[in-house]
Amino acid sequence: MLKLLVKNVLNDLNSNLESVSSMIRTKIKSALHTSQPGETIKVCGWVRTRRDSKSGFSFVELNDGSCMANLQIVLDQNVPNYEKLIKDLTTGSSLSVTGKVIESPGKNQRIEIHAEAFDLYGSADAETYPLQKKRHSFEFLREIAHLRPRTNTFGAITRVRNEAATAIHRFFQSRGFIYIQTPIITTSDCEGAGEMFQVTTLNLDRLAQVQTEIDFSQDFFGKRASLTVSGQLEAEIFATSIGDCYTFGPTFRAENSNTTRHLAEFWMIEPEMPFYDLQDNMALAESFVRDVISDVLENCAEDMVFFNQRIDKTTLETLRNITENEFIRISYTEAIEIVKSSGKKFDFPIEWGSDMQSEHERFLTEEHFKQPVIVYNYPKTIKPFYMRCNDDGKTVCAMDVLVPGVGEIIGGSQREERYDILIDRMKEGGLNPEDYWWYTDLRKYGTVPHSGFGLGFERLIQLITSMTNIRDCIPFPRTPKNAEF
């Protein structure tokens with residue numbers, strides 16, 4: 001009789017444990033917002049902190065990355081495996097907890113979990129775990145990019161990137177744009193600058209030994225190929241075939257720059273629209289920037305408060321200035337006159353015909369106008385071949401969107417739709433039109449006015465978060481001499 005009773009108790013215990021292990025996990029964000037006292041839920045995550053009381057309780061702050069906040073777990077010594085596992089619940093360790101939701105007596109938390117069962121997935125050695133309970137420099141965190149998403153700052157950046165990417169797709173999809181995927185490997189240099197990463201299957205060690213001229217006809221693609229700097233040229237094919245479209249993909253520039261504004265690998269959003277002139281293009285770019293930022297402010301409110309408190313106390317003010325004010329529109333000529341007559345000393349003197357530097361752009365947005373600015377009609381000598389020439393023969397239908405805190409965030413133009421003028425512009429830039437025969441064909445068979453622009457995704461994240469270095473706005477930065485992780 002006793003054996004039967006023990007067997008039944010053990011069966012019930014095993015059944016309960018199986019039920020606990022099979023319970024669907026509740027994300028901490030959902031638990032904090034919707035779980036009610038009295039519910040039994042299962043949560044999983046990584047330990048942020050643990051503190052033990054003398055009365056046989058442990059308090060664990062658990063985070064699973066779904067939100068900024070931690071969930072407090074109360075473990076008492078009566079929970080199964082407490083004595084065996086509690087010593088390994090150090091910062092960085094991972095565990096699952098099943099327990100009852102309790103109204104928290106603490107001031108800054110609505111609920112907490114009183115554990116009924118817990119299991120340790122992976123321990124983290126307290127002596128060697130790099131993320132100690134202190135502030136780490138962003139430079140140090142770049143050296144441990146495999147762990148930095150566990151910090152408050154980089155968890156928040158990741159959630160903002162996610163929301164911004166979602167908002168970008170939502171913006172274009174709601175306007176009937178079609179999302180296309182342009183090639184990462186290309187034989188065309190969209191910008192004509194030649195700063196491209198080469199793609200090859202040739203034996204470079206052997207070529208170095210024989211020191212012979214490279215015969216690209218023997219390469220995989222039969223010609224010189226590179227990683228793309230832009231999907232624009234291919235996007236124009238679809239714009240002049242199926243209508244409004246956009247790309248959102250990785251781009252690469254082999255520019256040997258170590259500034260806080262440049263990456264060798266970054267993501268670009270590039271819409272292309274047929275039957276758009278420069279004015280239409282500027283209007284779309286303005287709506288785009290304002291809508292995406294508004295969505296992030298609304299849907300990542302907790303993270304945005306964090307950036308405003310910990311990174312830059314003017315973050316929210318700067319972003320609301322962008323979302324609540326119409327963008328000023330001035331010509332390049334007017335912009336140069338304003339900068340030159342400001343009486344302000346700049347590191348880079350500016351004259352008509354030279355490109356504006358970040359300091360000039362930020363002067364316009366942060367000091368002179370104190371709001372976003374769109375500058376248009378730039379000298380053709382400083383812009384790529386595909387931008388439409390104006391009747392004055394000196395300028396092109398280009399536009400840059402400048403915002404406080406960053407400077408240029410969007411560059412775009414009305415594209416040159418006239419075949420003969422496009423050919424001339426290519427030759428002026430030292431390009432062989434025959435290499436772009438498919439692109440010039442678009443001007444021979446049903447050409448139309450069309451426009452587009454490009455937004456560097458990491459520049460947008462830098463603007464939204466107020467991070468000072470763009471290397472902290474992408475999960476794994478690629479810069480000169482740096483391709484770790």
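The largest cavity has a volume of about 50 Å³, where a cavity is a set of points on a 1 Å grid over the protein atoms alone at which a 1.4 Å probe fits but cannot get out. This is a predicted model, in which local features need pLDDT of at least 70 and side-chain atom pairs count only at pLDDT 80 or more, while totals for chains, interfaces and linings use all residues. Residues are numbered from 1 along each chain as its sequence is written, and side-chain values use heavy atoms, with hydrogens and water left out.

**The cavity**
- The count comes to one cavity of 30 Å³ or more, a volume being the space filled by probe spheres set on grid points joined across faces, edges and corners.
- Around the largest cavity stand Thr-186, Ser-188, Asp-189, Cys-190, Thr-228, Val-229, Ser-230, Leu-233 and Glu-234; lining residues have an atom within 4 Å of a point.
- That lining has three nonpolar, four polar and two charged residues (Ala, Val, Leu, Ile, Met, Phe, Trp, Tyr, Cys and Pro count as nonpolar, Asp, Glu, Lys and Arg as charged, and the others, Gly among them, as polar).

**The second largest pocket**
- About 1000 Å³ of space lies in the second largest pocket, a pocket being an open set with protein on both sides within 12 Å along at least five of seven lines.
- Its lining counts 37 residues, and Arg-48, Arg-150, Thr-151, Asn-152 and Thr-153 lie nearest the centre.
- Elements giving two or more residues to this lining are strands E1 (40-52) and E2 (57-63) and helices H4 (138-143), H5 (152-174) and H9 (301-310); helices (H or I, at least four residues) and strands (E, at least two) are DSSP runs, numbered from the N terminus.
- By class, the pocket lining has 13 nonpolar, 14 polar and ten charged residues.

**Helices H5 and H9**
- The axes of H5 and H9 come within 10 Å and cross at roughly 130° (axes are lines fitted to C-alpha atoms, for helices over the stretch in contact, and angles run from 0 to 180 degrees between N-to-C directions).
- Asn-152, Thr-153, Ala-156, Ile-157, Arg-159 and Val-160 of H5 make the contact with Asp-303, Met-304, Phe-306 and Phe-307 of H9; contact means heavy atoms within 4.5 Å.
- This contact has six nonpolar, two polar and two charged residues.

**Helices H8 and H15**
- H8 (residues 278-299) and H15 (residues 457-465) pack at an angle of about 50°, with their axes 11 Å apart.
- Val-292, Ile-293 and Val-296 in H8 meet Leu-460, Leu-463 and Ile-464 in H15.
- The residues of this contact are six nonpolar, no polar and no charged.
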